[in-house]
Amino acid sequence: AAEIADQLTEVLVTEEEIRAKLDELARRVEADYEGKELLLVGVLKGAVMVMADFARALKRDVEMDWMAVSSYGAGTKSSGVVQIRKDLDTDISGKHVLIVEDIIDSGLTLSWLLENFALRGAASIEVLALLRKPEAAKVEIDSRYVGFDIPVEFVVGYGLDFAEKYRNLRDVAVLAPHVYS
Ligand code: PRP
Ligand code: MN
Ligand code: MG
């Protein structure tokens, strides 16, 4: 529980920038889904903050559900082999689904999820991700709503963790190397 500022090197995206971007994305989503029912699916646990703020930025009704997945393997990052820890409570067949994520890093988690959801017969499936690391992509994800493209750095905050910590930061910040090396 040392001083949090000593564990970060810089703020990449501020709380204010996140709020403004989510408002902008909310207006686009409202227009794109006009006249349609919409189900938001948050991917636990990283998407908790984005889901909470994005859903409240929308001036329309939505259904909300959650999916918890974990990828396992030798490395510390996504192996692409994903295990469902908590499945949806909702039958998504015939529904317009918008998957809400905090970040697209390698893209492997979303790639797996998109394939999995496609098999369930949704009417449409789109992705909203607050952050994306284009230079880290191992697989291209067709994400209709992206907040910010960021460099390949170890970012935490606003849902993103390192060893389950830092999710509660209001900004997205770069973790100081001395914390994880
Ligand atoms: C993180 C993040 C995304 C995923 C992105 O989740 O929240 O879901 O990794 O990485 P990828 O594009 O390389 O697959 P994580 O598996 O750390 O679980 P968490 O959301 O519970 O932190
Ligand atoms: Mn996640
Ligand atoms: Mg994580």
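User: Which strand is joined to β1, and by how many bridges?
Analyst: In this predicted model, β1 is joined to strand β9, residues 172-175, by four bridges, and the two run antiparallel. Within this pair, leucine 8 stands opposite leucine 175 in β9.

User: What is the strand order in the sheet that holds them?
Analyst: The order is β1-β9-β8, an open sheet of three strands with antiparallel pairing. β1 (8-13) and β8 (155-156) each have a single partner strand, so one side of each is left without a neighbour in the sheet.

User: And what is the order in the six-stranded sheet?
Analyst: That open sheet runs β4-β3-β2-β5-β6-β7, and its pairing is mixed. Its edge strands are β4 (82-86) and β7 (145-149), each of which pairs on one side only. From one strand to the next, the twist averages 30°.

User: Do β5 and β6 run parallel or antiparallel?
Analyst: They run parallel, and eight bridges join them. Valine 100 stands opposite leucine 128 in β6.

User: Which residues have the most contacts inside the largest nonpolar core?
Analyst: Phe54, Leu98, Ile99, Val100 and Leu128 have the most contacts inside that core, which has 44 residues.

User: What does phenylalanine 54 touch, leaving out residues up to four places away in sequence?
Analyst: Phenylalanine 54 touches Leu22, Leu25, Ala26, Val100 and Leu128.

User: Turning to α1, which strands does this helix lie across?
Analyst: Helix α1 lies across β5, β6 and β7, and runs at about 155° to β7.

User: Now aspartate 53: where does this residue lie?
Analyst: Aspartate 53 lies in helix α2, residues 48-57.

User: Why is aspartate 53 classed as partly exposed?
Analyst: Aspartate 53 is partly exposed because 19 other C-beta atoms lie within 10 Å, whereas a buried residue has 20 or more and an exposed one 12 or fewer.

How values were computed. Residues are numbered from 1 along each chain as its sequence is written. Chains are lettered from A and ligands numbered from 1 in the order in which they are written. This is a predicted model: local features need pLDDT of at least 70, side-chain atom pairs count only at pLDDT 80 or more; totals for chains, interfaces and linings use all residues. Two strands pair if DSSP finds at least two bridges between them. A nonpolar core is a set of buried Ala, Val, Leu, Ile, Met, Phe, Trp, Tyr and Cys residues joined through C-beta atoms within 7 Å. Two residues are in contact if their C-beta atoms, placed from the backbone, lie within 7 Å. Axes are lines fitted to C-alpha atoms, for helices over the stretch in contact, and angles run from 0 to 180 degrees between N-to-C directions.
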